[in-house]
Amino acid sequence: MARRKKIYEGKAKILYEGPEPGTIVQYFKDDATAFNAEKKDVIDGKGVLNNRLSEFFMTGLNHIGVPTHFIRRLNMREQLVRSCEIVPLEIIVRNVAAGTMSKRLGIEEGTALPRPIVEYCYKDDSLGDPLVTEEHIAAFGWASQQDMDDILSIALRVNDYLSGLMYGVGIRLIDFKIEIGRVYDGDFQRLIVADEISPDSCRLWDIETGQKLDKDVFRRDLGSLTDAYTEVATRLGVMPKNATPMSKPTLIN
Ligand code: 5GP
C-alpha cells in the first residue's frame, strides 16, 4: 500500500500531504517534550486526547467566526487541516502570571494580571523560541503591521472564547500559545489559527483546588499527564467518562 508523503515531523506532531490540494493530515504523536526537548517521554494516549481536544476548540472557534485551519477529524490520531504558511511567531496570551513570565519578571505564579498580556516569541527551536518585540517582527519582516493588528485581535478573541469555555467547567485559563497561518484566496490573504490548541499549549488550573491540568504536570513531574488531560476532556464532554484514550497509533495509508 502506498505510504503518504511526510511533509514535516515536529516534537508532538507529524504532517502528511493531504488527499486534496491545499490540505494536510496532522497526526498527533504520544511524545511529550519540555525545556526545548531536554526532557522527553512517550505518554500513552496523549496524541488521542490532543487530537480530540484540538478538534473541539478549533470547531468552536470556527463556529464563532474565528477562522482556523481545522477541516475535520479523520480518526483517533489524525485530522484534516487546511495547508497554510505559518507565521514564524508563537503568540502567547497570559491572564495570570506563570512560567517564563513569572521567572523573567519575578511575579509570583498565580498572580492575576490587570489585563490579558500578549507576547510574541520567534519560532526557532535552536534559539529556544526567544521573546521578541513588534519592532523585531516589523524590522525582520516576519509579519506586517496589518498582520499584527489581526493577530492581536484573533489572540484576544481566542482568549475570551477559551476562558469562558474553561470557566464553565471549573477551569481557569492561565495562559496559552497559538500559531497563526496565512492562506490565500486568490490575491487576498487571510490569517487563520493553525497548529493545535490543547493542554500541551495552555496552562489550565482547577478553579477550586489550583490543581494543574496541563503540560506542567509533565514538565514538573506532578503526576499522570494522561489523567490530567482526560480530566479536561471529560469535563468538556469531549471524552465519555469511561473512555480509554490508550489506543496504539493507527496510520491510514
Ligand atoms: P511559558 O512562556 O510560560 O513557558 O509558556 C506560556 C504558555 O505558552 C504556556 O501555556 C505554554 O504551554 C505555551 N507554550 C510556550 N511555548 C510553547 C511551545 O513551544 N510549545 C507548546 N506546545 N506550548 C508552548
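Because the model is predicted, local features are reported only at pLDDT of at least 70 and side-chain atom pairs only at pLDDT 80 or more, while totals for chains, interfaces and linings use all residues. Residues are numbered from 1 along each chain as its sequence is written, and side-chain values use heavy atoms, with hydrogens and water left out.

Starting with the fold, the protein chain holds six helices and 14 strands; these are DSSP runs (H or I of at least four residues for helices, E of at least two for strands), numbered from the N terminus. Its radius of gyration is 18 Å, close to the 18 Å from the globule rule for 253 residues, so the chain is as compact as a globular protein of that length. That radius is taken over C-alpha atoms, and the rule is 2.2 Å times the number of residues to the power 0.38. The C-alpha trace spans about 55 × 50 × 35 Å along its principal axes. Buried residues account for 50% of the 253, where buried means under 20% relative accessible area, exposed means over 50%, and partly exposed is in between (1.4 Å probe, protein chains only). The accessible surface of the chain is about 12300 Å², and carbon and sulfur atoms contribute 53% of it; areas come from the Shrake-Rupley method with a 1.4 Å probe, and for residues only the protein chains shown count as cover. Of the contacts (heavy atoms within 4.5 Å) with a separation of 6 or more, 59% link residues 24 or more positions apart.

On to the ligand. Its shell has 15 residues, the closest being Arg-94, Thr-100, Asp-175, Arg-203 and Arg-219; a residue counts as near if one of its heavy atoms lies within 4 Å. At least two shell residues come from each of β9 (89–96), α2 (99–105), β12 (171–185) and β14 (202–206). Ligand oxygen atoms sit 2.5 Å from a side-chain N or O atom of Thr-100 and 2.9 Å from one of Arg-219. On the nitrogen side, a ligand nitrogen lies 3.2 Å from a backbone N or O atom of Asp-200. Taken alone the ligand exposes 490 Å², and the protein buries 81% of that.

Helix α6 (residues 225–235) is mostly covered, with eight of its eleven residues buried. Among them are Leu-225, Tyr-229 and Val-232. The cover over these buried residues includes α1 (46–63), β12, β14 and α5 (216–219). At the start of α6, a side-chain oxygen of Ser-224 comes within 3.4 Å of the backbone nitrogen of Thr-226. Just after the helix, Gly-237 takes a positive phi of about 80°.

Glu-196 lies in the loop between β13 (188–194) and β14, and is buried at a relative accessible area of 4%. Its side chain makes polar contacts with the side chains of Lys-13 (2.7 Å) and Ser-198 (2.6 Å). A polar contact is a pair of N or O atoms within 3.5 Å; within protein, one must be able to donate a hydrogen and the other to accept it, and residues adjacent in sequence count only if both atoms are side-chain atoms. Beyond its neighbours within four places in sequence, Glu-196 is in contact with residues including Phe-28, Asn-50 and Lys-177. Asn-50, in helix α1, is buried at 1% relative accessibility. Leaving out residues up to four places away, Asn-50 touches Glu-196, Asp-200 and Tyr-229, among others.

Ala-37, between β4 (31–34) and β5 (39–42), has a positive phi of about 70° despite not being a glycine, and is partly exposed at 25%. Asp-221, in the loop between α5 and α6, also isn't a glycine and has a positive phi near 55°; Asp-221 is exposed, with a relative accessible area of 61%. Gly-210, in the loop between β14 and α5, is partly exposed at 31% relative accessibility. The C-alpha atoms of Gly-210 and Gly-110 are separated by 9.0 Å, although the two residues are 100 apart along the chain.
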